Amino acid sequence: MDRRLAYVILNLLPGIGPGKMQQLIEAFGAPESIFSASEEALLRIPGIGGRLAGVLRHWEQHCDADAELRLAQAAGVYVVTREDQAYPPLLKDIHDPPICLYVRGDLGALERCRQSIAIVGSRHTTSYGIQMASALASAAACAGFTVVSGLARGIDTAAHKATLGAGGCTIAVIGSGLCHLYPPENQGLAEEIAASGGAVISEFPLNHLPDKRNFPMRNRIISGLSRGTLVVEAGLLSGSLITAAQAIDQNRTVFAVPGRADTPFARGCHNLLRDGARLVETFQDVLEEFSLLPNLQIKAVEKTAQEQSRKPVELSPLEYAVWEKLSEQESAIDELLAQCEEPPSRILGTLLMLEIKQVIRQLPGKQVIRMPGRKVVAES
């Protein structure tokens, strides 16, 4: 079993979350080693009782990783593990980063999270809240920030739409599998985000159904992807206050927009301000807090990317063998799978790694091509 497949399996298994996975890796050294461990060794890990030990020992009875990867490939979804280059560094820094991220859209959006702001708020909102969310998201996009939110009704939807309207990059983090997008009326918005250089992401397997217990877990990803979290409008019971609390736990800055004193939709924001959140009237308040020059930082990132593109890319033996079978003309992925002796799951994972390393590009219709001008070398 290779490492990538091990991560996918761990993400699919019931009862194995980021915390337990980290305990297991610390004990056995690598995710793939977990599945060759004896039951006695597994039972010595705190929190791994007889039931979970049995699940790990007989994982094939509890999930079908090959079917999951085939479904992802058919749906145009990337599966990014913690060790992949595309995994966002900011998210990796939180104490419980997701085991895997399912990504629909542009993988480059994850890289652009290095300069990002979460804009969240209540699902039940006022015209003032929608107006402020739209203005702040539009200004964030114009300043070069990626806007992260949760695709929920209300403030989240306004933030995503305004970012798209300003030509910016936005990421939607959902609390279900990508095959069961919630809320359903935002399906069109999700497609627009994915097609415009942004991404819709989830840590949940593709067919995982929406559930109210998923959303607090989802919220830690919203704050974890972002340098700061801006709450636009929130009542005292708003889920966006959970996102703000998680941002504080992750040592990220929390911002809040003041509202009318006589509306319940402002009370959550006012409590945040009393507790030390930064008051925001315009996006300039966010820029001043971060004390950065966004345009210069973007140019530095672009310059680094250009320099990296001139260097030969090192490929593993399997990656190099797959790359050699491709050309700068479109090739069918199904034909490539038929040419290779390795299992389809390994080849599909290898194609993802080649795209992450920016030496190939996957196209609609299950087609793939080499990136022109990219130099590659096989690892010695």
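What follows is a chat about the predicted model shown above.

Me: How many helices and strands are there in the protein?

Reply: In this predicted model, the protein has 19 helices and 14 strands.

Me: What radius of gyration does the protein have, and what would a compact globule have?

Reply: The protein has a radius of gyration of 22 Å, which agrees with the value near 21 Å that a compact globule with 380 residues would have. Taken along the principal axes, its C-alpha atoms fill a box of roughly 65 × 55 × 35 Å.

Me: And what share of the residues is buried?

Reply: Buried residues make up 53% of the 380, while the protein exposes about 17300 Å², of which carbon and sulfur atoms supply 50%. Among contacts with a separation of 6 or more, 72% are between residues 24 or more positions apart.

Me: Which residues have the most contacts inside the largest nonpolar core?

Reply: That core has 43 residues, and those with the most contacts inside it are I9, L13, F35, L42, L56, L151 and V200. The elements that give two or more residues to it are α1, α2, α5, α6, β1, β2 and α11, and the largest share, 7 residues, comes from α1.

Me: Taking F35 from that list, what does it touch?

Reply: Leaving aside residues up to four places away in sequence, F35 touches M1, A6, I9, L10, L13, L56 and W59. Apart from this core lies another one, of 34 residues, with L110, I201, I222 and L352 among them.

Me: Which strands pair with β8?

Reply: Strand β7, residues 228-231, pairs with β8 in the parallel sense over 4 bridges, and within that pairing V254 is the bridge partner of T229. Strand β9, residues 278-279, also pairs with β8 in the parallel sense, over 2 bridges, with L279 standing opposite A256.

Me: Where does the chain cross between β8 and β9?

Reply: The chain goes from β8 through helix α14, residues 267-274, to β9, in a right-handed β-α-β crossover. A right-handed β-α-β unit is also made by β7, helix α13 and β8.

Me: Which residues of α13 are buried, and what covers them?

Reply: In α13, the buried residues are S240, L241, T243, A244, Q246 and A247, and what covers them includes β3, α12, β7, β8 and α14. Just after this helix, N251 takes a positive phi of about 65°.

Me: What order do the strands have in the open sheet of 3 strands?

Reply: The order is β11-β13-β12, with antiparallel pairing. Strands β11 and β12 stand at the edges with a single partner strand each, so one side of each is left without a neighbour in the sheet. Between β12 and β13 there are 4 bridges, the two strands running antiparallel, and I360 stands opposite R370.

Me: Last one, is T81 buried or exposed?

Reply: T81, which lies in strand β1, is buried, because its relative accessible area of 2% falls under the 20% cut-off. Not counting residues up to four places away in sequence, T81 touches R4, Y7, Y87, I99 and C100.

Key: Residues are numbered from 1 along each chain as its sequence is written. This is a predicted model: local features need pLDDT of at least 70, side-chain atom pairs count only at pLDDT 80 or more; totals for chains, interfaces and linings use all residues. Side-chain values use heavy atoms; hydrogens and water are left out. Two strands pair if DSSP finds at least two bridges between them. A crossover is right-handed if, with the strands pointing away from the viewer, the path from the first strand over the helix to the second runs clockwise. Buried means under 20% relative accessible area, exposed over 50%, partly exposed in between (1.4 Å probe, protein chains only). Contact means heavy atoms within 4.5 Å. A nonpolar core is a set of buried Ala, Val, Leu, Ile, Met, Phe, Trp, Tyr and Cys residues joined through side-chain atoms within 4.5 Å. The radius of gyration is taken over C-alpha atoms; the globule rule is 2.2 Å times the number of residues to the power 0.38. Accessible areas come from the Shrake-Rupley method with a 1.4 Å probe; for residues, only the protein chains shown count as cover.
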